[in-house]
Amino acid sequence: MNKLYIFFLFLILSNCSFKPVVKHHGVQFLEKKQETLIVNQTNKNDIKKILGIPSTTSKFDNDVWIYIERKQTQSQLKNLGKMKIFKNNVLVLEIGKYGILKKKEFYNKDDMEKIKIVDDTTQAQYKKNSFIYDFMSSMRQKINDPLGARAKKRKEISQR
């Protein structure tokens with residue numbers, strides 16, 4: 001019986017790994033790859049060849065492509081294995097009208113800690129007696145009762 005316990009204990013301990021589990025998201029080695037991009041020389045095709053398709057794109061006056069790299073690992077045992085971010089890089093590329101790289105900004109984890117986020121909120125611009133409120137209320141009523149069956153029942157009850 002002791003041999004069986006020792007065997008199970010050995011089996012469990014042999015499957016444990018002492019290497020930390022690393023979860024990777026986004027473009028690997030983003031910091032190295034972004035160094036090869038040259039402003040006013042690199043075009044869209046070169047960027048896609050080096051970095052792949054962007055994580056996020058935005059279209060205003062110029063195209064803005066955003067590439068993300070994030071690596072997480074499990075924290076120490078005292079934190080019960082919660083994931084801890086140890087690498088968080090973001091590359092923002094602004095591409096001009098003719099497909100040439102116009103601006104390049106690289107942010108790492110330390111840079112992002114310095115960014116301040118505004119806590120202001122936008123207030124709703126409608127009131128209960130506004131046109132938008134009345135319109136949305138009537139639409140909600142038509143969605144909830146498309147045939148007007150509830151209105152007919154209320155009318156019958158009120159006539160009794």
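Author: Helices (H or I, at least four residues) and strands (E, at least two) are DSSP runs, numbered from the N terminus. The model is predicted: local features need pLDDT of at least 70 and side-chain atom pairs count only at pLDDT 80 or more, whereas totals for chains, interfaces and linings use all residues. Residues are numbered from 1 along each chain as its sequence is written, and side-chain values use heavy atoms, with hydrogens and water left out.

Reader: In which strand is Lys-104 found?

Author: By the DSSP rule, residues 101-107 form a strand. Lys-104 is found in that run, which is strand β5.

Reader: What pattern do the helices and strands follow along the sequence?

Author: The chain has 6 helices and 5 strands. Read along the sequence, the pattern is α-β-α-α-β-β-β-β-α-α-α.

Reader: What percentage of the residues of the chain count as buried?

Author: Buried means under 20% relative accessible area, exposed over 50%, and partly exposed in between (1.4 Å probe, protein chains only). The chain has 160 residues, and the buried share of them is 18%.

Reader: Is Lys-104 buried, exposed or partly exposed?

Author: The relative accessible area of Lys-104 is 26%.

Reader: How far apart in space are the C-alpha atoms of Lys-104 and Val-39?

Author: A contact means heavy atoms within 4.5 Å. Not counting residues up to four places away in sequence, Lys-104 touches Gln-34, Glu-35, Leu-37, Val-39, Leu-91, Val-92 and Leu-93. Lys-104 and Val-39 are 65 residues apart in sequence, yet their C-alpha separation is 7.0 Å.

Reader: Of contacts between residues at least 6 apart in sequence, what percentage join residues at least 24 apart?

Author: Contacts such as that of Lys-104 with Val-39 have a counterpart in the figure for the chain. Among contacts between residues at least 6 apart, the share that joins residues at least 24 apart is 48%.

Reader: How many salt bridges does a search of the whole structure find?

Author: A salt bridge is a side-chain nitrogen of Lys or Arg within 4 Å of a carboxyl oxygen of Asp or Glu. One of the pairs is Lys-103 with Glu-105, at 3.1 Å. For the whole structure, the search finds a total of 3.

Reader: Which residue forms a salt bridge with Asp-63?

Author: The N to O distance in this pair is 2.9 Å. It links strand β3 (residues 63-74) to helix α3 (residues 44-51), across 19 residues.

Reader: Which strand does the salt bridge of Glu-69 and Lys-87 tie to strand β3?

Author: The closest N and O atoms of Glu-69 and Lys-87 are 4.0 Å apart. Glu-69 lies in strand β3, so the bridge ties together parts that are 18 residues apart in sequence. Glu-69 is buried at 0% relative accessibility, while Lys-87 is partly exposed at 25%. Lys-87 lies in residues 83-95, which form strand β4.

Reader: Which residue has its charged end over the ring of Phe-29?

Author: A charge sits over a ring if NZ of Lys or CZ of Arg is within 6 Å of the ring centre and within 35 degrees of the ring normal. Phe-29 is found in the loop between β1 (22-26) and α2 (30-34), and is partly exposed at 48% relative accessible area. The charged end over the ring, 5.7 Å from its centre, belongs to Lys-71.

Reader: What is the phi of Phe-29?

Author: Most residues other than glycine have a negative phi. Asn-40, in the loop between α2 and α3, has a positive value near 65°. Phe-29 also has a positive phi, although it is not a glycine, of about 55°.

Reader: What is the C-alpha separation of Val-27 and Ile-53?

Author: Val-27 is found in the loop between β1 and α2 and is buried at 11% relative accessibility. Leaving aside neighbours within four places in sequence, its contacts are Lys-33, Leu-51, Tyr-67, Ile-68 and Glu-69. Val-27 and Ile-53 are 26 residues apart along the chain, and their C-alpha atoms are separated by 9.5 Å.
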